[in-house]
Structures are given as C-alpha cells and as structure tokens.
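I opened this notebook to record what I looked up in the model, going from a strand pairing to the cores, the domains and the chain contact.

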Amino acid sequence: MTINLEIPKKFKPLASQANQVATEVFRPISRKYDEAEHSYPKELDMLASLIDGMNEGSDIGGAGAAGVRREKGGDGENRNGSNLSTVLGIIELCWGDVGLLLSMPRQGLGNSAIASVATEEQLKKYGGKWAAMAITEPEAGSDSAAIRATAELDGDEYVLNGEKIFVTSGDRADLIVVWASLDRSKGRAAIKSFIVERDNPGLKLDRLEHKLGIRASDTANFTLQNCRVPKEALLGDPEVKEKGFAGVMETFDNTRPLVAAMAVGVTRAALEETRKQLKAAGVKIDYDKPALSQHAAAARFLEMEADYEAAWLLTLQAAWMADNSKPNSLQASMAKAKAGRTGVDVTLGCVELCGSVGYGENELLEKWARDSKILDIFEGTQQIQLLIVARQLLKKTSAELR
Amino acid sequence: MSTTTENKGVAERGMGYGLRALNRLAGSDLLDRIRIRKQVENALFQGTKNGFRTATAAGRTFKAAQSLGKPARQKKGRSKGLFDLTPDDEQQMFQEGGRAFAEEKIRPAALKADEDRKTPKEILDQATELGVNMLGVPEELGGVMTEQSAVTSVLIGEALAHGDMGIAYAALAPGAAATAIGLWGSAEQEATYLPAFTGEDVPAAALAILEPRPLFDPFELETKAKRKGEEWVLTGAKSLVARATECELFVIAADAEGIGPALFVVESGAKGLSVEDEPAMGLRPAATGRLLIDKVKLPASALLGEGEASAKDYAACVNRSRIAWCGLATGTAQAVLDYVIPYVNDRQAFGEPISNRQGVAFAVSDIGIEQNGMRLATYRAASRADRGESFAREAALAKRLCSQKGMKIGSDGVQLLGGHGFVKEHPVERWYRDLRAAGVMEGALLV
C-alpha cells in the first residue's frame, strides 16, 4: 500500500486491446466519416459485438460507457474497478477517434445513466440495448432544472411532451433516456428521466445537425408528442422530493470523468503526432534540459504535455475515487474542466506548431482540433464545471453562487 | 558550531563599524564639493559586496566511522501494482507530524523569519526531531527508512511549505546533502558524513547546483573541476544556497574534466571557499547566500560516488531536486487556496460576499484545479523515482506545472485580496514571492 499513479497491470491488456481497435479500426476510417457526415459507420457493428464480448468476459468493465456502475463497498481495501478501466479504455479509443467512440453501439451516455441508476428489473429489460441521452432543449442547456418537457401520469403510462435537441446517436440508438418534469411548478425536484424506445410513434425525429467536429457521430433533434411510455420506464425513484434531482445529477459524477477521458485521449493523439512532426523538423524535446533553454517549439510542447499530464491524472483520480466509493463530484468536475480546456488548448496549439501540415486535411491534427471543442461543452460546459468546483470549495448553494 | 556564531559576530560587527564610518562620509558635503559622489557611491556598491563576503563556517571535523566496505543503499519501493492515492501508515505519520508542526510553529513564525531573514533555531531543531534530515540515510548508517523515500519527502515538503516555503527550505536543505550522499556516495563518503545527520546536532549543509546567470542549465555548468594530478581544482559560483554562512558541508555540482557534470563533497573552511550574502525576492527565512569557489583544491575522493561518477546519477539528482521543489510549491499553493476561501467568503462588496460573483469564484476554482494537478504530477514523479522507474519526463512535467500554475496561483492569491493582498498584514504577498522560486531553483533540495 503506497502511493502509485501508474496504470495497474491488470488493465494493461484492456488498454492495449482498445489501442489496437483505435489503431486498426478507428484511425483508418477517421477521415472517411468526418467527410461523410450522417452516414452510419457500419464498421462499428462488428466491433461493438467484440466489445460486448470483452465486457462479458471480464469483471473489470469494458472499454465503453456501459461499465460505469458504483459498487457498494468501502471495506478499506484499495480497489481499481470498472470506473478506472472504463476511463482507460475510452482514452485509448478517443486517441483513435472521438466521433467514432460516440457512435459505438451500446456505449452511449444513456447507457451510463441506465447503468448508474436503473433498478435490477430495468437493467434486465434494457440491458444489451443502445441508449442515447436527451437532456438539452432549445431553451434549456446547462440549466437542466429549467427543462420544459413534461411527463404526465395517465393510468399505467406516462405521457411525454416537449422538444429535445443535441441527442448524441439519437437516431441510431434503440433507447432514448429523456429528461422531463412531472410537475413544472415543483422545479428541479420533479425532473425525472424516462426510457423511451426509439420506435415509439410519439418520438419524432426533426433533423440531424451539421457540426464543427465529431461528425461521425450523429446529433439528433426530437419532438415528443403525446409520447406514451409504461410506468416502469421511469429511471430511479418516482417520488417528487427535493433530493430527487441530486440523484439525477449524481449520474454526472460517473459520466464526467468519461468525457474528461475522451478529451485526454484526443489530446494525447495530437501531442504524439506533433512530437513526430517536430522531430522530423529537427526539434528535439528534452526532459532534462530546462524548457526555456530549448527551442521555443519544444518549450511550448512541454507546456502542453504538462497540462496533458495534469488532465490525465485528474481523470484517473476521479475514476479511482468512484471505484472506492469516495464522494467525487468535486474531482469529477475538476477533471472535466481541466481535460476539457486542455483538449482544446493543446489540439489547437498542435495545429499552430505544425503550421500548414497541422491545418491541412492530409493529417488528422485539424480534425482533432475540431473534435475536441465539444468535449469542453457537453456533459456540462467549462463554466458549469467551474461553478460546481467553486460551490464545493466555497461551500455555497446554487442560490448564492449563480 | 560555536565558532560559527563567533565568526558571524565578527563579520556583523565589522559591517556595523564600516557603515557608521560610511554614514559620516555620505553626510559630509566633501564629496559634492570635489564632485566624486557618484564614483564613491559606485565604489561603495562594490565594497559592500566584498564587505559582506565571509569565509565559510569553520565546521566540525568529519571523520569516517567504520566503513561498510560497499555503499549502503535504501531499497527500492514496492507497490501492489494498483493505482492508489492513499499514503501508507509511515507516510501518514510523517505527513501528520509535518502538518501539525507547520500549523503550530512554522506559520506563526513566518512573518518574522521573512523580515529577519533567519529561521529560529528552535524551529530547525524541531524539524530535525521530526527526522527530515535523515530520510535519505540508509538504515545501516543510522537512518530510519528502509525504502527510498521520495514520496515521503514530498509529503513532508508539502506539509512544511503549507506553513512557509522559506522556512521549509531552511529546514530541508541539510537533508538534501545527506540524501545525495546516501543515494550516490561511496562507502567511505557515507561513513564519513552520514552519521552526523542522524544525531541531534545536524550540520547545516547544502546541495549547490544553481549558478548565478540567466537561462541556467544544470547540464551545462560554468563551475569547473579541473584535474591536477590526483587532485581536483574547483572554480565557480553557486546561487541561493540556504543558510550558506552556517553550512559545514557542501555537495557541489561542477563540470568535471573528462567526466561532465558531477557532484563533489566539499567541507566548509576549504581554502578558496567563501560566501557572499544573496538576499532574494522570497525564501528569505533560508538566509540565501552565494557560494564563491575560487580554485578550491580537493582530493580525488571528493568526487561523489565510487570511481567514475555517472551522468545518469547526476541527471537523477537534478530531477529529484525538481520534484522536491514541486512538493514545496504544491504545499504553498494549498496554503493560498486555504487562505483565500474564507477571505472571499467574508469580504463584502456591493452588499454581498465577493465570492458570490463568478469572476471571484472561478479564480478560486482554477486555483483548486491546478493545485490538484500539480500535486498529482508531483506524486507520480516521486513514486516512480522510489520504485526505480524512469522519472525524468514526469519530473520535467511536474516542474512545468509547479512553475507556471504555481506562480499563477501565487498571483491570484494576491489579486483576490486586492490591496489587502499587497500588504504584509496578509501572507499572500509572501507566497507570491516564494512561489516564483519553484521555476527558478535547481538543486538545493532533494527527495
């Protein structure tokens, strides 16, 4: 028992498998699906089955988002579990391609939500399906409590109405986890999440977005029109109570480290390519020599790599805390904030360092610089993370620090 | 040790006498009448520099106790191979001891120590009691740690620097010389010098690498060691040495003829060794001085290590120093965070606490985020060093973070207090000055 911040040996095979997937499957089709926006990367079907197999065959969680579930525990023994292994898998896959990871069947954030809060019956019923997440509305982005979509109990069914935008893989998934309010007069306490089958006639696809990056991943906008779901489709506790929303928000403590991991992965991709490009250009990066006595490009590289290191470690810390049942919402938001901004700063910095080679489409550097931006936005923007961190550090309520 | 104080007394009295005479000269209009004030002032500047120059301390005689025949080394650290951020029991003990000491003794003494440019002896003695000087001393030579202790050293440095970085530097500097000898010294060198670090009367000592010039690179030293027959002759200068006038032992980095950068063990009082006062922006309780090395003759045995010194060992030394400074920067950055939180929550403006404003609150978030990143990067580098894994990359990245983010934290600490941060009533201005050191220092501390 001593301080150790290395990837545990038992996860190395998983990380190496994920890296092979990234190298052999993602990278070769990375540019293709960046250009062919809205066409389904069919190469992923076989891969998804493979990953399902990986998940089945081990107790350490897979390379995707479905592995995140808090285990009861706390016997004091240090645990490296599914949160950490999932983060490690995602880093490798996003080193390959963020958009393709987000398009992986059955690995959506909706799956994380289900894995985090579903009852055993719900897990049984919905396990093995691909679930997308629908929170954002035209008038409610970061402010989840302002959600206008409604859910009304009618006999044994809830009737959902409203509009949802920015639903990642919304058109491709089997299920959509929809956030809606049971009673808009009761504020955030009444917000619940519901599992809606994609083929539900009340769920209408409005359009697919055209985007800056992660173009392999589809982003759908829906209208819910008297969309009826069975009572059992409500995730978690149906009671309207003040703590209820906090429960919904707890999902984020598990999913934010995953998005941080995505940013870490794409950051590492950009740094590795840039190191290669700089080496070819005759710039040596030396870890012994003081950064400021080296080539300006080397000094800049070291600065970016240092930010990468911090983002990587903060992400591992948040996941490790989740594995050990330690409250981690502060660390999860720290990781997301640091990794999100580092992803953008570093990928853009790498394009600048590599000049036209970085900016041009012959290399993937410009693509990574476009892909990274969403990671500082979804699952809570940079500013939302800073708010959460500040409220925790300063012990403020959301009424005091808005 | 008593001779040390006497020496310094004489030096101080000498200065005092000199100043009185100078004051009379400055007050007279003779200078202006004969139009030589500028020249005299100039000469005075140079004269003062030399006036402050003193011989190094007349130290104890280091004598080899029974040598072990081959050098004793602490074992490499082991790990169960799992990611873990929990310190072990021994580390927790040191950490808690360090924290209590910092809170009860160091912080209350910090303001005066900064003004006096002196760390009270009582505090240095207590640090010795805590065991900070012997962390790198192998068990066979009276040390307490069986395994390598870079992480433990970082935890202690972090804890002490939460009290005050300058005092932490003063307290930890002797241990750096001992750790260097414990890590790389020959059996003879270990037997000669290490026992002194395990007792109560630990000598002031220093690991001197940094040189006084811009863009200093520890791998391109201007301090040279020339071979002369069996002897080495050292010439050069070393900067910001903690408690330089008190030091009885120096481990000095020099570019050794035919070898490259290497470390030499030099006892104080060696002919040609002198100390000049070198006060700086921060780290003032460490009474920093410049070590002047003027053709100091050393026996062949002064070269640290058995036979050929290795470039790898020297690089490890530089990188371990960087990790140590990161530990201090992390502790001081934590002090900033802990201080600004209650301040911005209490301070009212426009009818509410200033922390209700995002402009203020987000600055606090950033301090928390970057400080956490600095700490993790530092722990990683240290734990890799303990296990005998490569750590140059991790040390370099931790240093970049602690230098850059650490300084930003120091600056934001003052900024968040506004004008109140700029005055000595609050410690943030001191931390601002101290945190700049993390990017500047090389050597001096060791994990």
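Which residue in E3(A) does Asp154(A) stand opposite? I found that Asp154(A) stands opposite Glu157(A) in E3(A).

Before going on I noted that this is a predicted model, in which local features need pLDDT of at least 70 and side-chain atom pairs count only at pLDDT 80 or more, while totals for chains, interfaces and linings use all residues. I also noted that residues are numbered from 1 along each chain as its sequence is written, and that chains are lettered from A and ligands numbered from 1 in the order in which they are written.

**Strands of chain A.** I looked up strand E2 (residues 150-154) and strand E3 (residues 157-168) of chain A, which pair in the antiparallel sense over five bridges; strands (E, at least two residues) and helices (H or I, at least four) are DSSP runs numbered from the N terminus, and two strands pair if DSSP finds at least two bridges between them. E2(A) and E3(A) form a hairpin with two residues between them, and Gly155(A) in the turn has a positive phi of about 65°. E3(A) is also joined by nine bridges to strand E7 (residues 219-230) of chain A, again antiparallel, and there I found Glu163(A) opposite Thr223(A) in E7(A).

**Cores.** I then turned to the nonpolar cores, each a set of buried Ala, Val, Leu, Ile, Met, Phe, Trp, Tyr and Cys residues joined through C-beta atoms within 7 Å, where buried means that 20 or more other C-beta atoms, placed from the backbone, lie within 10 Å of a residue's own. The largest has 221 residues, and among those touching the most other members are Met262(A) and Ala206(B); helix H8 (residues 296-323) of chain A gives the most to this core, with 17 residues. A second, separate core of 42 residues includes Trp130(A), Val167(A), Leu224(A) and Leu235(A).

**Domains of chain B.** I recorded domain 1 (89-202), domain 2 (208-302) and domain 3 (311-440) of chain B, with bounds that come from an automatic or database domain assignment. The C-alpha centres of domain 2 and domain 3 of chain B lie 29 Å apart, and their contact takes nine residues from domain 2 and ten residues from domain 3, two residues being in contact if their C-beta atoms, placed from the backbone, lie within 7 Å.

**Between the chains.** Finally I looked up the chain contact, in which 41 residues of chain B are in contact with 40 residues of chain A. On the side of chain B that touches chain A, H10(B) gives the most, with 13 residues.

Conventions
Buried ≥ 20, exposed ≤ 12 C-beta atoms within 10 Å, placed from the backbone.
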